[in-house]
Amino acid sequence: RAEDPPVSRMGRRRASLRGLLVRLVLVLALVLGGLISVAVIGTVTTSRDYRDASERAIGRQGAANRFLITMLNAQSLNRAYILLARGVDLQAWNQARDRFEGDLESLRAALAGEEELLASADAVERTSELWEREAVELIRLRRTGDPEEAIRRVDTGPGEARFNAFRTEHRLLLDRVEEQRMADLAQSDRTRRLVLGGIGGAALLALVVVAMVSRQVWIRVKVPVDRVEAGVTRVTMGRLSDPVAINDDAVRELAALAQGFNQMQREVLEEREAVLRSARRDEAQRTERQLWETVQKGLLPSRLPSPPGYRLTARYRSADRELLVGGDFYDGKVLPDGSLAIMVGDMAGHGAGAAAQAAGLRFGWRTLMSVDPEPGAVMAGLNAQMGSPEQRSDGIFASVIHVLVRPDGELRFAVAGHPPPLLLTPGRCRVLTPAAPGPLLGVFDHAEWPVTRGMLPRGGTLFLYTDGLVEARRGSDLFGSERACEVLAAEWRSAIQLRVRRLIRAARRHENEQLRDDVVVLAVERPAFPEDRPTGGPG
């Protein structure tokens with residue numbers, strides 16, 4: 001990278017951005033720390049005061065109300081016993097009376113420290129005791145055989161007046177508790193105003209410090225940054241030859257940034273040239289791809305033959321990835337004696353070499369059809385075509401299946417390291433296992449490819465394919481010939497073109513909608529009725 005210029009043009013040693021920011025941040029941190037401390041302490045104190053005042057008021061009101069509930073319950077039980085003389089009411093009265101002392105102690109504990117409130121509580125206690133004495137006297141009258149007097153005193157005696165006096169003192173106590181709560185809240189409000197004043201002062205001081213910090217940043221940082229920004233604008237407009245001027249007041253890092261930006265402009269000029277060269281290479285690759293795609297289309301027949309009594313179709317599906325050209329190929333030809341010769345092959349590898357070898361094998365196969373179409377002889381001829389030492393050392397080989405179909409449906413085929421064909425009859429599909437598999441083409445100088453015989457019955461269809469079909473995989477699970485047969489058996493009533501298309505689609509679905517290898521499927525159907533019109537399928 002460019003070296004940091006430590007000295008300005010005036011000879012002064014440049015201050016570093018780090019040192020400047022550290023000083024400014026320390027000052028700002030002190031001010032903000034004080035602001036935060038005031039805010040936190042004030043907030044905690046105010047919140048605590050409000051909380052304590054509320055809790056005290058709630059506790060006092062709760063204790064007073066519990067005592068009131070006990071008294072109301074005792075009054076109701078006392079009246080019930082006097083009027084009805086039920087033992088259960090007397091028992092409940094005694095239980096309520098036993099709670100008086102505990103409720104009074106709880107009330108006094110809640111009012112501790114407040115003399116005025118405790119004095120009011122004493123008045124409540126005195127009135128409650130007066131009523132309690134009257135209640136005890138009424139019970140005594142009822143139990144000693146003077147119920148009429150007891151009932152009369154319940155309705156017109158001093159008991160009701162004494163209870164009303166208790167209620168009055170109790171209301172006065174609650175009013176004083178509320179007054180105390182409001183006084184506590186007023187004190188908390190005064191504390192809150194003081195805290196807000198302190199926060200406001202600290203915030204004002206922080207604003208002053210921020211203004212000072214901003215001025216320093218503007219002087220030492222903003223001007224150099226603006227110059228670099230202007231340089232960036234020039235670069236976006238294509239002006240790469242104008243350097244950024246380095247400000248004398250700039251901190252050391254920004255001066256180095258400006259110097260590095262100037263170096264970057266020079267490197268951008270070099271990168272632009274490199275991009276132009278890369279674009280030219282990409283265009284050449286696109287042209288090459290189009291060329292080899294055209295070559296691959298030339299490897300496949302534009303149309304298959306239409307022999308009497310048979311239907312042919314084929315489909316080629318390239319792998320779902322970027323390849324220049326693949327190595328799968330197929331062909332078909334009607335021989336002079338009316339027999340149909342078909343073949344499917346798969347050349348190892350992809351690219352120009354594989355395409356050239358595949359083209360050579362296909363045209364060699366067509367030549368051999370005119371010499372000797374027997375499967376064993378054809379395989380030997382194709383192997384001789386590929387058996388040079390240079391090709392073998394480069395690992396170039398191919399798998400091929402060659403089939404002869406006579407007009408009466410007799411089959412003869414040979415396999416060179418290729419998947420065996422499938423035979424579909426109404427509702428049933430099976431693999432035509434060869435008598436003995438032959439080696440791949442190009443592996444040995446001399447070898448034998450046994451011929452397997454079979455029969456293509458009326459209503460049957462023969463399928464040839466490359467290994468990209470059965471080797472479609474989901475993880476370690478291959479699509480396989482068994483699944484291929486299941487698909488074909490389910491589609492045996494469909495047209496031959498649909499069967500081929502749906503077979504490839506099923507393999508593609510098995511491989512999560514993305515084939516990793518090219519696939520060729522060629523199908524020959526012998527219609528159930530001889531008068532059916534044969535149709536040839538496109539390549």
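Which helices each supply at least two residues of the lining of the largest cavity? Point 2 takes this up.

1. Basis. This is a predicted model, in which local features need pLDDT of at least 70 and side-chain atom pairs count only at pLDDT 80 or more, while totals for chains, interfaces and linings use all residues. Residues are numbered from 1 along each chain as its sequence is written, and side-chain values use heavy atoms, with hydrogens and water left out.

2. Cavities. There are 2 cavities of 30 Å³ or more. A cavity here is a set of points, on a 1 Å grid over the protein atoms alone, where a 1.4 Å probe fits but cannot get out; lining residues have an atom within 4 Å of a point. Grid points are joined across faces, edges and corners, and a volume is the space filled by probe spheres set on the points. The largest cavity has a volume of about 100 Å³. The helices asked about are α1 (17-84), α3 (115-143), α4 (147-156) and α5 (158-236). Helices (H or I, at least four residues) and strands (E, at least two) are DSSP runs, numbered from the N terminus.

3. Lining of the largest cavity. With 4 residues, α3 gives the most to this lining. The lining residues include Trp131, Glu134, Arg79, Arg153 and Glu160. By class, the lining divides into 4 nonpolar, 3 polar and 4 charged residues. Ala, Val, Leu, Ile, Met, Phe, Trp, Tyr, Cys and Pro count as nonpolar, Asp, Glu, Lys and Arg as charged, and the others, Gly among them, as polar.

4. Histidine 170. This residue is found in helix α5. Histidine 170 counts as buried because its relative accessibility is 2%; buried means under 20% relative accessible area, exposed over 50%, and partly exposed in between (1.4 Å probe, protein chains only). A polar atom of its side chain lies 2.7 Å from the backbone oxygen of alanine 64. A polar contact is a pair of N or O atoms within 3.5 Å; within protein, one must be able to donate a hydrogen and the other to accept it, and residues adjacent in sequence count only if both atoms are side-chain atoms.

5. The sheet. An open, antiparallel sheet is formed by 5 strands in the order β1-β12-β9-β6-β7. The edges are β1 (311-317) and β7 (428-431), each with a single partner strand, so one side of each has no neighbour in the sheet. From one strand to the next, the twist averages 15°. Two strands pair if DSSP finds at least two bridges between them.

6. Strand β9 and its partners. In β9 (residues 460-465), 6 of 6 residues are buried. Gly460, Leu462 and Leu464 cover one side, and Thr461, Phe463 and Tyr465 the other. β9 pairs with β12 in the antiparallel sense over 6 bridges, and threonine 461 has glutamate 525 of β12 as its bridge partner. β6 and β9 pair over 3 bridges, also antiparallel, with leucine 422 opposite phenylalanine 463. Strand β6 (residues 422-425) pairs with β7 over 4 antiparallel bridges, where threonine 425 stands opposite arginine 428.

7. Backbone to check. Asparagine 512 is not a glycine, yet has a positive phi of about 55°; glutamate 513, also not a glycine, has a positive phi of about 60°. Asparagine 512 is found in the loop between α12 (496-510) and β12 (519-526), and glutamate 513 lies in the loop between α12 and β12. Asparagine 512 counts as exposed at 54% relative accessibility, whereas glutamate 513 is partly exposed, with a relative accessible area of 41%.

Technical notes:
Axes fitted to C-alpha atoms, helices over the stretch in contact; angles between N-to-C directions. 1 Å grid on protein atoms, 1.4 Å probe; cavity = no way out; pocket = protein on both sides within 12 Å on 5 of 7 lines; lining within 4 Å.
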